[in-house]
Amino acid sequence: MDFFRPDSLAEALAAKAEHADAVPIAGGTDVMVELNFDHRRPAALLDLGRIVELHEHGRQDGKVRIGAAVPYARIIDELGRELPGLAMAARTVGSPQIRNRGSVGGNLGAASPAGDSHPALLAANAEVEIASIRGTRMVPVKDFYTGVKRNVLAPDELITAVHIAPATGAQQFSKVGTRNAMVIAVCAFGLALHPDQKRVGTGLGSAAPTPRPATKAEEFIATELDWESPKPLADSVLRRFGALVAEAASPIDDVRGSAAYRRHALAVLARRTLGWAWSEHLGGGRRACA
Amino acid sequence: MSAPARSPQVLDDKISGGIGASPQRPDGTLKVRGEFAYASDLWHENMVWGATLRSPHPHAGIRSIGIAKALAYPGVHAVLTHADVPGENAYGLKHQDTPVLAEDRVRYQGEPVALVAADHPEIARQALKLIEVDYEVWEPVTDMERAAHDETLPRLHENGNVVRHQRIVKGDPDARADVVVSGVYELGMQDQAFLGPEAGLAVPAEDGGVDLYLATQWLHVDQKQTAHALGLPVEKVRLTLSGVGGAFGGREDLSMQVHSCMLALHLGRPVKMSYNREESFFGHVHRHPARMYYEHGATKDGDLVYVKARMYFDGGAYASKTPVVVGNGTTLSVGPYNVPNAHIEGWGVYSNNPTCGAMRGLGAVQPTYAYESQMDKLATALGMDPAELRIRNAMSEGSTTVTGQVVDFPAPVAELVRRVRDMPLPPPNTDELGFPGGAANTTHGEGVVRGIGYGVTIKNIAYAEGLDDYSTARVRLQVIGGEPTALVHTAAAEVGQGLVTVQQQIARSELGVERITLHTSDTSVGDAGSSSASRQTYLTGGAVRNACLAVAERVYALAAERFGVEATNLSGGKVVAADGAVVADLAELLGEDVIEETREYHHRKTYPLDPETGQGNAHVQYGFSAHRAVVDVDTELGLVKVVQLDCAQDVGKAINPDAVLGQIHGGSAQGLGLAVMEEIQVTDGVVRNPSFTDYLIPTILDMPPMRVDILERPDPHAPYGVRGVGEPPTISATPAVANAIRAATGLELPRVPIKPEHLTGT
């Protein structure tokens, strides 16, 4: 197996263009597990550890740009105010050790439907920055996933960052697992209020072949919420929202849970998170994360 | 023979503290600093790596095994099959029914079929893929009840599919009662989930024998079985204990022992084998899943009249400890209660599911879950407080068990229940991480209901049903560097429980000597028996005491010879007379003398059960514990947070109170795991979750704080009055949590682990 360790992004892109079968590795929390279990035998590894711009976050055109390799721990510590939904999702990733190594770029690269960051990225309308020697393109995250553990990346491309607008309203993330910490999602739900756009963003995790938004639920709630003079939501509205979120899922029965339970739980999570977010919007104040 | 690197290690001999103190573990610093060498760290110059090809099918015939391609792979030194087993291709703890390597059929997914030795573990792994096995896939036998009764199923072994059937009849088996409750209870397959996978290093010796360094629970039973399969006399197969990363019963059966020795003897080179986590799930036995039919009858006042039970234990492909599970399961079937009439039947069966054998709480975990579920059901039917019902029926010293055995040692069951009942209850939760769902932000209190539940158990301690259960210790006393020093040598396995600490404490107290060195456990000293059945402090502790007393006798003889004074005690490095007068300084008295004595400790005789009635004095001692669990259940999401888990246990005498507490904490966590998350999921004989990603064990957010009450009512028949500690808390925790969830939800919940689907009806 070849091992490439470029010092700059330009070198990394050149290496990826030359060795399309090289698997990029940053924190290694996914790739190393696959190698250790012999599930995958890449011809080469492309270590992104030395590329500074992948490990930084900052502002760009009014959005937060998070380098693909910025670990979850830093998202929790440094971006909780601007991106509360993503920070909440990051808080549920694995253990402290994993959060020190794992990154959103890795989650996107693996494109597992169970990746914890996806629902938050979907709810917040994140865009994925993708680069190659041919140039850089931006892909809305809802268009990024193409199947179970598949995404839109071309063989010569690397994920370099995600761009997310700072929150303008309340955001929530909830995840069901069968223990109280350090667990892969049985199902997960992300929600973001966008008062500036008078809409609500959603994201479902571990509930379909790819992470996906609950579009009909978003459309329904957009018509129900009174953004001008906000009032408490009727329970029937919350329940309808939950039911539409559950309908958006196409889950499977597997070792972590049944399809029926996943649908049921998503309805509960959607109802609860919308209730919490709307209460906050009504003046309950922002909930702190982590 | 040259010893391997990184094993064994020198343990601390400069700690002080005798019986009843809680001195630091002699291996504690090494372990905390990550410097302790486990069996997987073993290394030897010139060694090669062994790997195991395992069957992908739970039930299949083997038409042929082709090894030529694997053997030709660069870096491969050997490929061995059943044809290469030098001795008899059969082993087993109770029945010799397990092939070292499969011959013409495989009986479970993961059964070893062939071995490879190669320069690197990765090369070995690749070579395994080149071995061509032609399987004829058969329908697996997977239902334990059908395996017991359906004669039309394929016979997995010569004598059919029933490993053991035991009936117990006490009093009037047809007794009737005012109030009757019944239920069918099921328990999934739990794994020991020890953190150090199976590993060992076999080094061929000049005498044609082999030295095996390994992690195990019982050196001598490994030695006997390994020598038999290798066709060698036992003295040519020498075993040395390496660092053991947990066991919980899962290391009682052989794993890589014969395999590594076969490869080493074949090649004349040291061979290391070390399983990874996934292979470990296939490389050791698990806890028997069970299905249990129970009926309890009681008077209107709540006095138990009878218990009827039929219980099935799925032993999987090979017998392992299934006979003992049936023995323990039936003899302990009614719990720590006075029951005048009983009709109990238990079956342990073969199937094509993974082999099940020893695990902490052997054969008692299953019935305790069932009868404690029944006790709550009965309390509801009677309109009685569940703790009160248990206290009312609790056995005590002088009680007669269901096998007719009179309990002739303290049995403070009622007091244990009272103690946990009367502990303060936790306040309502206010911490966001403390709700069900924990770190994942699933509720801020919505849907959360609190429940309280009890679980009480009785567990037999040490080996039963007529086995001569014993341990051996060699103690050498001499002056080293001017200081009297004792060397304690046993073959007992330190598996993490703290036996090394206990051995030092006993020797310090008995010999009045501060510095106690521990000889590495190996087979050059007599059998110590297994580190299982909560027996090592009792048995090996007893043997160390006996050996120390024999050494002391020789010191007294020396003192009498020199000074003509009768000494009776060794204390603080002095030889002391009955009146407290110092007779001599121990170091001065000993001079250049070396005193060494080897002694055994055998526990009281037990007897087999009558095959028809199940009556008999089968057990030597019982341990008792009671738990009270407080849970919060998110009834909408079906998620559970155990808020508090309190325990009271009688330990006879706490040789090391901190270690006792550690056993109770750890055991309780393991019992909690079985209640709400731990299960090897098996479908049609195939394991679906062989990883710690999907076989979940409790984290610190799942395991709540505990209040623990340790009672010390000495057993007059045991050394120092000790009572086995390790197993009971694992057993009573499970039903306590299950009963608390039932109390919160009102659901029947007849199966553990309880999953979100069970709580939400999805």
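How many disulfides does the count come to over all chains? The count is zero, a disulfide being a pair of cysteine sulfur atoms within 2.5 Å.

## Basis of the values

This is a predicted model, in which local features need pLDDT of at least 70, side-chain atom pairs count only at pLDDT 80 or more, and totals for chains, interfaces and linings use all residues. Residues are numbered from 1 along each chain as its sequence is written, chains are lettered from A and ligands numbered from 1 in the order in which they are written, and side-chain values use heavy atoms, with hydrogens and water left out.

## Cysteines

C261(B) has a relative accessible area of 0% and is buried (under 20% relative accessible area; exposed is over 50%, partly exposed in between, with a 1.4 Å probe and protein chains only). C647(B) is likewise buried, at 0% relative accessibility.

## Backbone exceptions

Most residues other than glycine have a negative phi, and most peptide bonds are trans.

A111(A) has a positive phi, near 50 degrees, and is not glycine. In chain A, A111(A) sits in the loop between α6 (104–110) and α7 (117–123); helices (H or I, at least four residues) and strands (E, at least two) are DSSP runs, numbered from the N terminus. A111(A) is buried, with 0% relative accessibility. In chain B, the loop between α11 (413–421) and β16 (448–461) holds N441(B). Phi of N441(B), also not a glycine, is positive at about 60 degrees, and N441(B) is buried at 11% relative accessibility.

## Cis peptide bond

The peptide bond between V752(B) and P753(B) is cis, with omega about -5 degrees. P753(B) belongs to the loop between β29 (751–752) and α17 (756–760) of chain B.
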